[in-house]
Amino acid sequence: IRRLEESVVNRIAAGEVIQRPSSAVKELVENSLDAGASTVSVTVKDGGLKLIQVSDDGHGIRFEDLPILCERHTTSKLSAYEDLQTIKSMGFRGEALASMTYVGHVTVTTITEGQLHGYRVSYKDGVMENEPKPCAAVKGTQVMVENLFYNMVARRKTLQNSNDDYPKIVDFISRFAVHHINVNFSCRKHGANRADVHSASTSSRLDAIRNVYGASVVRDLMEIEVSDENAGDAVFKMDGYISNANYVAKKITMILFINDRLVDCTSLKRAIEFVYSATLPQASKPFIYMSINLPPEHIDVNIHPTKKEVSLLNQERIIEIIKNTIEEKLRSSNTTRIFQTQAVNPSALTQANMQKEKGTEVKMSSGMKSQKIPVSQMVRTDPRDPSGRLHTYWHGQSSNHEKKSDLVSVRNVVRSRRNPKDACDLSSRHELLTEVDSNCHPGLLSIVKNCTYVGLADEVFALIQHNTRLYLVNVVNVSKELMYQQALCRFGNFNAIQLSEPAPLRELLLMALKDDVLMGDENDEEKLEIAEVNSEILKENAEMINEYFSIHIDKDGNLTRLPVVLDQYTPDTDRLPEFLLNMGNDVTWDDEKECFRTAAAAIGNFYALHPPILPNPSGSGIQLYKKDIDQELLAEAETAWSQREWIIQHVLFPSMRLFLKPPKSMATDGTFVQVASLEKLYKIFERC
């Protein structure tokens, strides 16, 4: 047994600490962060073998510390072994800079606050090659490592023959930029004009991820938080962002910081991949960013030469809690997805229609090859073609309504039979129409104009198809918005529905007040007084609402006419009392613009396709209709529901395609919900 020379020992230890150029960059960046830097710049040449330069604007290195700066086991981070239990800095051994001097040429330029000039000094084998020289310098420290592994022939050849180490360096800087959002990071190749990573300090973690990894990643991220404050066990908190089921990547991206230290945790990574394997298609990997905070005494940071791994107290329990939280988050994310839309290609649509009419394969002109459509995208997308709707597969009771085509409905809607009046020129009305246009959601507009009606899903939702996706649409919400917009568009130009008999306002308002559960405790005299007040309000404004909205009230206080908001559609008169009460209570009569807005909203709510008051005899309400119930009531309910379904298919949806401008709120309030995507279904079948 022989005692090795100190130079041999140091070189062996250096090869273990600085395994490759990216290891040196990581150590230097962590030193900059420990120095309180707000800007860190990295420059690399030949993958880090020729040059690594890391500059920061931290507090710098004191002149007195320069002689021992690169000696092994010299550090400002701790003084006793017990300090490891409460260590918060990323460095603590004092080995990184010393190791670099044993396998490369290191030059340090630094200046501390208050100094008139900085100092530059070169190091080799842990000692200064010369005395520090005064020089001009900017605030902070610049460490330059040249000719890395010049004296380790095998290591240098291995790195030169392998792939460039620069992508690993970019990956390290990207991870630091995501976590340290208050620090400006940049990383570039030597001589390059543009940085490959350039992140500005921000207050938002999502902005940092968007800046580094792109907007396409941020679009599919969900925020996640976990905390466990059981006094008898480890106390930890975790926050971060995880990708949802829409995110698709061939390689997992997992950014893990524990107490602000960039580390790897194989067991946690394996557990997360197991959770995602049940959600993502085969060969697709997630994006994970996690920041875990634990008491310093619950972490052992001194278990790996490069400090890339740590040991946690109660590690299995922490991993299990995080795994369960991610699993629950993924399970609930299906109800809150955001889906991107794509417009139908008109030329492809026309070509598909020609192919269907001929019944033969379309032959392309000479010199052009036909493009084969993937099986996962072969769907019907023509909104005018009724084949494939749910009605095609129903055999049984037929509708009593005449089967009019969508084309007839469209022609009736388009046909203009009104002469414009001066009322259309009111500025308040134009402002409201401008608000509708500016608030329109372009993606939903494309879906509405190019969708195919499939059928009713239940009393409230209908199914539509757009491209390769199937959506649930809230019929009540879209019809209410359509009627509101039509009330503004037809302002002053309505056709009228003549009531068979005049309807007294006072009696209708009393009916509405009796049905109002909020008025249940009021006595009859108070209800009568409220009805009288609202009746007088409507009579006072009768001339205006008749001129602008074609709601005619005669001098005796009787309602005689209602407007035609949508051709081929008459509103449910059972809701007429509620409509008049809303007109009296909710309309702001003393402000022109608000008056038009609230009146149009009341009309939209009245004309919306609400479910009939009688329960659906074909749905969940069948048990309410028993043999002892009047058969006329059952027949009335069946007629009401079948009439509503016919109107939805032949009147509402054709009018939606022409006129509806869906507001942005409909993208998030559950009015449009995607329930299936053909491409995603194929991925599921592939996994099965």
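Leaving aside neighbours within four places in sequence, with which residues is Ser 174 in contact? The legends below take up this point among others, and the model they describe is predicted.

Figure 1. Once neighbours within four places in sequence are set aside, the contacts of Ser 174 are Val 197, Val 212 and Tyr 213. The relative accessibility of Ser 174 is 7%, so this residue counts as buried, the limit being under 20%. Helix α5 itself spans residues 166–179 and lies across β12, β13 and β14 (287–293). The helix runs at about 60° to β12.

**Figure 2. The open sheet of five strands.** The strand order is β10-β11-β14-β12-β13, and the pairing is mixed. Strands β10 (221–228) and β13 (261–262) form the edges, each pairing on one side only. In general, strands of a sheet pair through backbone hydrogen bonds, in either a parallel or an antiparallel manner. Between β12 (residues 253–258) and β13 the pairing is antiparallel, over two bridges. Here Ile 258 stands opposite Arg 261 of β13.

**Figure 3. Ser 428 in helix α12.** Helix α12 comprises residues 427–438, and Ser 428 has its place within this element. With a relative accessible area of 8%, Ser 428 falls under the 20% limit and is therefore buried. Apart from neighbours within four places in sequence, Ser 428 is in contact with Glu 592, Lys 593 and Phe 596.

**Figure 4. A nonpolar patch on the surface.** The patch is formed by Leu 4, Val 8, Val 9 and Ile 12, which together have about 340 Å² of accessible area. One of these residues, Val 9, is situated in helix α1 (residues 6–17). Val 9 has 36% relative accessibility and so counts as partly exposed, a class that lies between the 20% and 50% limits.

**Figure 5. Positive phi at Asn 147 and Asn 467.** Most residues other than glycine have a negative phi. Asn 147, although not a glycine, has a positive phi of about 55°. This residue belongs to the loop between β7 (140–146) and α4 (153–161). Asn 147 is partly exposed because its relative accessible area is 30%. For Asn 467, likewise a residue other than glycine, phi is positive and near 55°. Asn 467 is located in the loop that lies between β18 (461–466) and β19 (469–474).

Definitions and conventions
Residues are numbered from 1 along each chain as its sequence is written. This is a predicted model: local features need pLDDT of at least 70, side-chain atom pairs count only at pLDDT 80 or more; totals for chains, interfaces and linings use all residues. Side-chain values use heavy atoms; hydrogens and water are left out. Patches are made of residues with over 30% relative accessible area and no salt bridge: like charges are joined within 9 Å, nonpolar side chains (Val, Leu, Ile, Met, Phe, Trp, Tyr) within 5 Å. Accessible areas come from the Shrake-Rupley method with a 1.4 Å probe; for residues, only the protein chains shown count as cover. A salt bridge is a side-chain nitrogen of Lys or Arg within 4 Å of a carboxyl oxygen of Asp or Glu. Helices (H or I, at least four residues) and strands (E, at least two) are DSSP runs, numbered from the N terminus. Buried means under 20% relative accessible area, exposed over 50%, partly exposed in between (1.4 Å probe, protein chains only). Two strands pair if DSSP finds at least two bridges between them. Contact means heavy atoms within 4.5 Å. Axes are lines fitted to C-alpha atoms, for helices over the stretch in contact, and angles run from 0 to 180 degrees between N-to-C directions.
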